[in-house]
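Please view the structure alongside the text.

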Amino acid sequence: MTPHLHIENLTKTFTLHQFDGKQIVGCTDINLDLEHGEFIGITGKSGAGKSTILKCIYRTYIPTSGSMMYHSDTHGLIDLAKAEERDILEIRQKEIGYVSQFLRVLPRVTALDCVVEVLVEIGTEKAAAVAEARAILSHFQLSESLWESYPNTFSGGEKLRLNLARAMVKRPKFLLLDEPTASLDQGSKASVRDMIIELKRGGTSMIGIFHDLEFMESVVDKEFNMRNGIMVGGYA
Amino acid sequence: MSMYNYGFLDENTKRELRRKTLKAVAIPGYQVPFGSREMPVARGWGTGGLQVTLSLIGLGDVLKVIDQGSDDSVNACNLRDLISETSEVDTTTDTLEATVIQTRHRIPEEKMTDEQILVFQVPTPEILRTVEPSEQESRRMHAERDYSRLWVHLYEDIVEWKEIRISYDYPVLVNGHYICDPSPIPRFDVPKLHQAETLFLFGAGREKRIYAIPPHTDVIPLQFEDYPFNVESYESGCEKCGSTHTYLEESFDSNTGERYLYCSDTSYCGKQQLKGQHQPVEIGVGWNG
Amino acid sequence: MDNRVSIRNVSKIYGKGCDSCIELTGPEHGRNRCPKCGTIVACADIGFDVYPGEVLGIVGESGSGKSTLVKTLYFDEAPTTGEFYLQDFEEGLSNVYGLSSLQKRYIRNHLMGMVYQNPHLGLRLDYSAGGNIAEKLLMADWNHVGDIRERAKELLTKTEIPIERMDDKPKYFSGGMQQRVQISKALANNPPLLLLDEVTTGLDVSVQASVLDLIRQIGRELGISMIVVSHDFSVIRMLTNRTIVMKNGRIVEQGLTDQIMEDPQHAYTQLLINSLI
């Protein structure tokens, strides 16, 4: 069986036109295989290029070269580096979840609605969506008093928990986690771990970036270390 | 009257009028522009109808002219005199005898035949003027049958007044395409235009337009399924002849303040009165048969 | 064809034009005006697709040609060249720019809705709010006042306009409410495509947020495809999946909206993104 995601020679450089075309290296020559249901952790200092890889996979960044063969339920084997935008949108909506340390939410949408709309978008009945959203928000221990308020006013930890809920509620086949435990207390970390374990049991493949090495080691199958945009070491 | 050309107008003008009239007949409800001439009456006093009548009248015709149903109003008398003197035709007040009837704002009560022509005097031919001030835009709207604004106008009437308040110049859809102004006839007369045997010609002298509703043409007043078109109705009949099936006008006795209703069609009313006195008189059938 | 809208090679030129107009204008020259003949090239070489349920953003500064482009889509302006295919019209096989004005009007009434920046363009401010919606329905041959009013109520409820204001004239409404009435009107005949031209520009921030929220909700619930024109990246980010960046009448870049925001490729897009406050 082919891996869930096969990354070959992935390179991303940024060209800054306002600085006479200055080139900034994001990551260079990344090779990586993610098996179905596997969890790979990536470590490294800030600026090492960890997020660049995640954003290339999600296509928020356009890869400069290399390929990322992804095994999609709906599209078969597809190179995420070259896939049509509409296919990327569909795969994002149905298969890939992305959790970042930052919360990009719309003004005047309550925390509960934030999660509900993710489900409605993939065709869940409104009433069922509300029930599911409530369940996952309580799983991530987001205080019920916050459900009907606007996330803009949330603390960092609350925003992150909402983000996790949003990404995980649709039970994605593939999950990208960008510092999912930053600024969480021990209790919240435990609930993130529970959810990750539950998703893994359900067959979700994951790639995560962590600073919290202790937490990471308790959930990942493989880990890679990055330095200056290059993968320098992998441990099984 | 030998110093004037036959029918007052010169032959070229008559030819233009006839050509434009034919075009109007060929495109029911479409307003055909024409070069309206100076007439010996002021614009707005029936010059459009007058020119149409003069262009088609000929020896052997019998003319009737009415103003709001009356043969005796000053305006009707003057127009009748002008036409009959310049074209040497006989005149009548009897709808059944006339071959050409020129009218201001009424259709006679007796049903007209395919041997007769009814010529309307039209003050404002453009039905869209209330909703669209631009002539160019109005023409585009007619061409594309873009009549939604007229419909909204009726809708707004219903919202504000619970009914369509238009009492004259009631918009009608002619032959499934053009919406046109049947001239300021009362709603009572509008159904008479539908599938009639008579040719209806409309002349607007000031606005320089001729249009027509040929015989056997569909003429449907605008209406909604839940707000159907209706005609005026009265609680009593004509004070003079007793008719309960005619269009009536109100008048007040200035001394007693009492309100009376009379037939607007004076010729018809006169006939009905004669019949009431058991005198011999021929009365035509109504438009409903 | 499964894309709902296909635009090919659309241009709009004001002036007599010469052989060099296209060559001498555009982003690399930084101008719209042909230096040889003075013709204005409002937009040229425009091509894109919109998929069912997708929200496409068109972003650019004043004079980039984005509003002209959207006006040609709604037939408010005739393009100088170009093709426009709509999946819902003859299976997307006919270039709708080539149709008669009667057919174009049918498409405007049945297959598209437009919301303008200025409510004066999209509404008759002297007619009631309900009358404005009725106009669209009447164009689609509705002939029952009761049914029309039911539909208008439904739409006004969806756009959060109090039903008791239905028979009031929009000229007495606030700017945000006028935009809501415009949106109700645009949605009256359930069009598969909605065009939104700078709909929140000039509104107070709180009102802006609620109008944007409404638009998102509509997109989600009705599965309508939308084209959102704005100079404001925060509007684009909030509403769209994909974005086209225009400058001097040309497309300089198109891509996924988050990609345009985080990894802009073209120098001009980078400048725009770096200028965001």
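Chain A contains 7 helices and 10 strands. Its radius of gyration is 18 Å, close to the 18 Å that the globule rule gives for 236 residues, so chain A is as compact as a globular protein of that length. The model is predicted.

**Overall dimensions of chain A**

- Taken along the principal axes, the box filled by the C-alpha atoms of chain A is roughly 50 × 45 × 35 Å.

**Helix packing in chain A**

- Helix 5 (residues 156–168) and helix 6 (residues 186–201) of chain A pack with their axes 12 Å apart, at an angle of about 10°.
- Helix 5 of chain A is therefore roughly parallel to helix 6 of chain A, since angles under 35 degrees count as roughly parallel.
- On the helix 5 side of chain A, the contact is made by A:Gly157, A:Arg161, A:Leu164 and A:Met168.
- Helix 6 of chain A contributes A:Ser188, A:Val192, A:Met195 and A:Leu199 to this contact.
- By class, the residues of the contact between helix 5 and helix 6 of chain A are 5 nonpolar, 2 polar and 1 charged.

**Contact of chain A with chain C**

- In this contact, 18 residues of chain A meet 19 residues of chain C.
- On the side of chain A that touches chain C, the elements giving two or more residues are helix 2 (85–94) and helix 3 (111–121) of chain A.
- Helix 2 of chain A supplies the largest share of that side, 4 residues.
- The side of chain A that touches chain C is made up of 8 nonpolar, 3 polar and 7 charged residues.

**Helix packing in chain C**

- The axes of helix 4 (residues 129–139) and helix 5 (residues 145–158) of chain C come within 9 Å and cross at roughly 115°.
- That angle makes helix 4 of chain C roughly perpendicular to helix 5 of chain C.
- The crossing of helix 4 and helix 5 of chain C is right-handed.
- From helix 4 of chain C, the residues involved are C:Ala129, C:Gly130, C:Ile133, C:Ala134 and C:Leu137.
- They meet C:Ile148, C:Arg149, C:Arg151, C:Ala152, C:Leu155 and C:Leu156 in helix 5 of chain C.
- The contact of helix 4 with helix 5 of chain C has 8 nonpolar, 1 polar and 2 charged residues.

**Annotated region of chain C**

- UniProt, in an unreviewed entry, places the feature "domain: ABC transporter" at residues 5–273 of chain C.
- Over residues 5–273, chain C is 36% helix and 22% strand.
- The end C-alpha atoms of residues 5–273 of chain C are 28 Å apart.

Notes: Residues are numbered from 1 along each chain as its sequence is written. Chains are lettered from A and ligands numbered from 1 in the order in which they are written. This is a predicted model: local features need pLDDT of at least 70, side-chain atom pairs count only at pLDDT 80 or more; totals for chains, interfaces and linings use all residues. Two residues are in contact if their C-beta atoms, placed from the backbone, lie within 7 Å. Ala, Val, Leu, Ile, Met, Phe, Trp, Tyr, Cys and Pro count as nonpolar, Asp, Glu, Lys and Arg as charged, and the others, Gly among them, as polar. Axes are lines fitted to C-alpha atoms, for helices over the stretch in contact, and angles run from 0 to 180 degrees between N-to-C directions. Angles under 35 degrees count as roughly parallel, over 145 as roughly antiparallel, 65 to 115 as roughly perpendicular and the rest as oblique. A crossing is left-handed if the near helix is turned anticlockwise from the far one by less than a right angle, and right-handed if clockwise. UniProt positions are given in the numbering used here, feature names are shortened, and annotations may be inferred rather than shown by experiment. The radius of gyration is taken over C-alpha atoms; the globule rule is 2.2 Å times the number of residues to the power 0.38.
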